[in-house]
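Here's a quick briefing to read with the model open beside you. Have a look at the fold, then work through the topics below.

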Amino acid sequence: MHKSFIFHNPSVLWFLLALALFTMAVTVLSEAFGVGLVSTSFVKTLGKTLCLCLIAIAMDVVWGYCGILSLGHFAFFGTGGYAIGMWLMYARTEGIVAASLEGQAIPPTPQEISDAIGTQIFGVVGSSEFPAIWAFADSLVLQLLMVVLVPGLLALVFGWLAFRSRVTGVYLSILTQAMTLALSLYLFQNDSGLRGNNGLSGLQNIPGFEDTSQATISMVFFLVSAIALAAGYVLFAWVMSGKMGSVVQGIRDNEARVRFLGYHVESYKLFVFTLTAVIAGIAGALYYPQAGIINPAEIAPIASIYLAVWVAIGGRGRLYGAVIGAAFVSLLSSWFTGGGAPAINLGFYTIQWTDWWLVLLGVSFVCVTLFFPKGIGGLFDYLVRKPS
């Protein structure tokens with residue numbers, strides 16, 4: 001079976017090889033473990049890009065393979081980020097409070113320490129009490145469990161309600177977008193328990209590693225992100241290569257026929273939707289400690305639309321296409337919006353790419369859809385299968 005999987009999926013070995021070479025090159029060139037030619041800030045950018053590639057392949061599985069255009073997968077990405085961010089913020093604040101209260105004549109009680117932590121975290125929204133959702137914020141193990149459970153349960157409940165009602169096509173896309181919008185609007189409220197519009201900040205400061213340089217921490221997250229991407233790629237390639245993959249792609253191509261053949265279509269859809277949501281949550285949990293902050297704007301529907309654009313540009317229905325699309329657009333976006341791209345003076349008007357990047361992205365998406373529907377990944381198909 002192993003030989004069959006590799007034989008039918010040679011792209012898996014090529015992808016793992018390319019990712020390993022890329023990872024080693026960045027490590028050798030980094031400030032932390034190498035010669036210092038790659039800055040710490042760019043290592044963070046690359047690490048975040050790997051996380052975006054991971055959610056992109058999850059999106060590709062649910063859309064490119066199963067045919068479900070989900071406009072809500074960034075909600076799962078964000079919930080995973082919030083789950084780990086709660087522990088990071090609690091543990092870091094606990095250390096600050098403990099240091100400030102140390103040496104007092106009368107040692108503070110556990111309740112006084114808890115109140116001080118609550119004031120530090122929630123004072124920005126005029127509160128000092130911990131909401132119920134922070135009940136496990138002091139436990140890294142439980143919060144890591146929440147990284148998987150919260151997105152998974154949210155996807156399971158939503159998917160069960162939607163798929164059992166046989167909602168399909170554009171109506172399902174609108175429902176996923178509505179779910180994302182509702183979650184985003186709720187998180188914007190100060191009484192949501194997650195600091196409203198302020199979000200969770202300072203996530204790049206890892207508790208217990210205060211004396212470790214950001215260069216080293218960034219490289220560790222980069223390496224872990226690379227391992228997570230490799231594992232996610234192999235997992236999805238394996239799932240989509242067997243009978244499961246055949247049924248899922250059959251649902252995409254002709255759902256009625258697959259249902260007529262006796263397959264329980266709703267179960268397959270629910271499995272794919274929930275599995276990809278869990279992987280998206282893990283990607284978010286790795287992304288936001290590198291970004292340093294998460295707020296409700298990260299979960300807004302536009303983020304999920306961008307995700308669909310990445311997959312379309314890279315080439316949906318190809319896992320490597322999703323990776324290429326996410327990496328290409330993400331790095332290009334950082335270059336254009338970060339001031340790397342020079343302004344173009346037309347005489348009567350100066351094009352500032354920070355203002356025009358989204359227009360360029362939109363035009364690229366339209367052009368790919370109209371003239372090259374297989375995306376960038378389709379180039380590899382053409383080169384490999386080029387007729388003699």
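Helices here are DSSP runs of H or I with at least four residues, numbered from the N terminus. With that labelling, α6 is followed by R166, a residue whose phi is positive, near 60°. Keep in mind that this is a predicted model.

**Helix α6**

- The buried residues of α6 are Q143, V147, P151, G152, A155, F158, G159, A162 and F163.
- For the spacing of such a list, remember that an α-helix has 3.6 residues a turn, so residues three or four places apart point the same way.
- What do the buried residues of α6 pack against? Their partners are α4 (73-101), α7 (169-188) and α10 (265-291).

**Two arginines with positive phi**

- R166 sits in the loop between α6 and α7, and its phi near 60° is a positive value in a residue other than glycine.
- R166 has a relative accessible area of 53%, so it counts as exposed.
- R195 is another non-glycine residue with a positive phi, this one about 65°.
- You'll find R195 in the loop between α7 and β1 (200-201).
- Is R195 buried or exposed? With 8% relative accessibility, R195 counts as buried.

**Salt bridges**

- How many salt bridges turn up in the whole structure? The search finds 5.
- One of them pairs R259 with E255, with the closest N and O atoms 2.6 Å apart.
- R259 and E255 are 4 residues apart in helix α9 (residues 243-260), which means about one helical turn separates them.
- R259 itself is partly exposed, because its relative accessibility is 22%.
- E255 also takes part in a salt bridge with K269, where the closest N and O atoms are 2.9 Å apart.
- That pair links distant parts of the chain, since K269 belongs to helix α10 and E255 to helix α9, 14 residues apart.
- E266 comes out at 14% relative accessibility, so it counts as buried.
- Put together, salt bridges that share partners join R166, E255, R259, E266 and K269 into one network.

**Nonpolar core**

- The largest nonpolar core has 112 residues, and the members touching the most others are I57, F74 and W134.
- Which helix gives the most to this core? Helix α3 (residues 40-65) does, with 16 residues.
- Setting aside neighbours within four places in sequence, I57 is in contact with L229, G232, Y233, F236, L319, A322 and V323.

- Helix α13 runs over residues 353-371, and W353, W357, L361 and V368 are buried in it.
- The cover over those buried residues of α13 includes α11 (301-314), α12 (319-337), β3 (344-345) and β4 (350-351).
- T23 lies in helix α2 (residues 10-29).
- The relative accessible area of T23 is 12%, so T23 is buried.
- Not counting residues up to four places away in sequence, T23 touches F222, L223 and A226.

**Cysteines**

- The structure holds 0 disulfides.
- C53 counts as buried because its relative accessibility is 2%.
- C367 counts as partly exposed because its relative accessibility is 34%.

How values were computed. Residues numbered from 1 in each chain as written. Predicted model: local features only at pLDDT ≥ 70, side-chain atom pairs only at ≥ 80, totals over all residues. Heavy atoms only, no water. Buried < 20%, exposed > 50% of the residue type's maximum accessible area, 1.4 Å probe, protein only. Contact = heavy atoms within 4.5 Å. Disulfide = S-S within 2.5 Å. Salt bridge = Lys/Arg side-chain N within 4 Å of Asp/Glu carboxyl O. Core = buried A, V, L, I, M, F, W, Y, C linked by side-chain atoms within 4.5 Å.
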